[in-house]
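Student: I am new to this structure. Can we go through it step by step?

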Amino acid sequence: MSQPIRLQSLVASPGAGFDAPFEMLEACHERVHRMLALLQRLRAHLRGHGADTQAQQAARDVMRYFDLAAPQHHRDEELHVFPPLLAQGDRQVVAVVRRLQADHRVMEQRWTAARGVLQSVVDGRTDALAASEEAMLESFAGVYEDHIRAEEEMVYPGARALLGEEDLKAAGAEMARRRGVV
């Protein structure tokens, strides 16, 4: 792959603010897809170019997103999206929410392993990924597809229907506060 990894198109943020929490959560999903696409391109780039400057920067960008933004996003869901769905008690919905909560724990565990691989790229210690490292990165990325689909198709619409305007304002305000946004 002789073309440089173009970060700007992969990290550009869709516009959504704290006054529209569900739109913000969906925009975060778009950024997750962009970061996973960057991770995929990074893996291909490493095969042809090793841990050059572009690879190191791409690895840093993926790390920054999944170190900082992803945990906040999961916390948003745990605090503002999942509770009303669990409280309303529909067995099918509760089962999906419990699976999504478990996914968050799996994502955290897999991220720890994936992050170690990316740190070795950042440090220039890895020019080519071993099969086990490729599998680790694939395993990390793989948990997201069904997770995001369940949230966007079932969980977000269900929670949105249960929350009033004041609930949404309070959720947005808490999300902003937790991130240090005034």
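Tutor: Start with a term: buried means under 20% relative accessible area, exposed means over 50%, and partly exposed lies in between (1.4 Å probe, protein chains only). The model is predicted: local features need pLDDT of at least 70, side-chain atom pairs need 80 or more, and totals for chains, interfaces and linings use all residues. Residues are numbered from 1 along each chain as its sequence is written, and side-chain values use heavy atoms, without hydrogens and water.

Student: Which residues of α6 are buried?

Tutor: Helices here are DSSP runs (H or I, at least four residues), numbered from the N terminus. Helix α6 covers residues 144-162. Its buried residues are Tyr144, His147, Ile148, Ala150, Glu151, Val155, Tyr156 and Ala159.

Student: Which helices do the buried residues of α6 pack against?

Tutor: Contact means heavy atoms within 4.5 Å. By that rule, the partners are α2 (21-49), α3 (53-88), α4 (91-122) and α5 (131-142).

Student: Where does α6 bend?

Tutor: A bend is the angle between axes fitted to the seven residues ending at a residue and the seven starting there. In α6 that angle is about 45 degrees. The place is Glu151.

Student: Why do the buried residues of α5 lie on the same side?

Tutor: The buried residues of α5 are Glu133, Glu134, Leu137, Phe140 and Ala141. The arc is that of the directions from the helix axis to the C-beta atoms. They share a side of α5 because they cover an arc of only 125 degrees.

Student: Which residues have the most contacts inside the largest nonpolar core?

Tutor: A nonpolar core is a set of buried Ala, Val, Leu, Ile, Met, Phe, Trp, Tyr and Cys residues joined through side-chain atoms within 4.5 Å. The largest has 31 residues. Helices α2, α3, α4, α5 and α6 each supply at least two residues of this core. The residues asked for are Phe66 and Tyr144.

Note on methods: Expected span 1.5 Å × (residues − 1).
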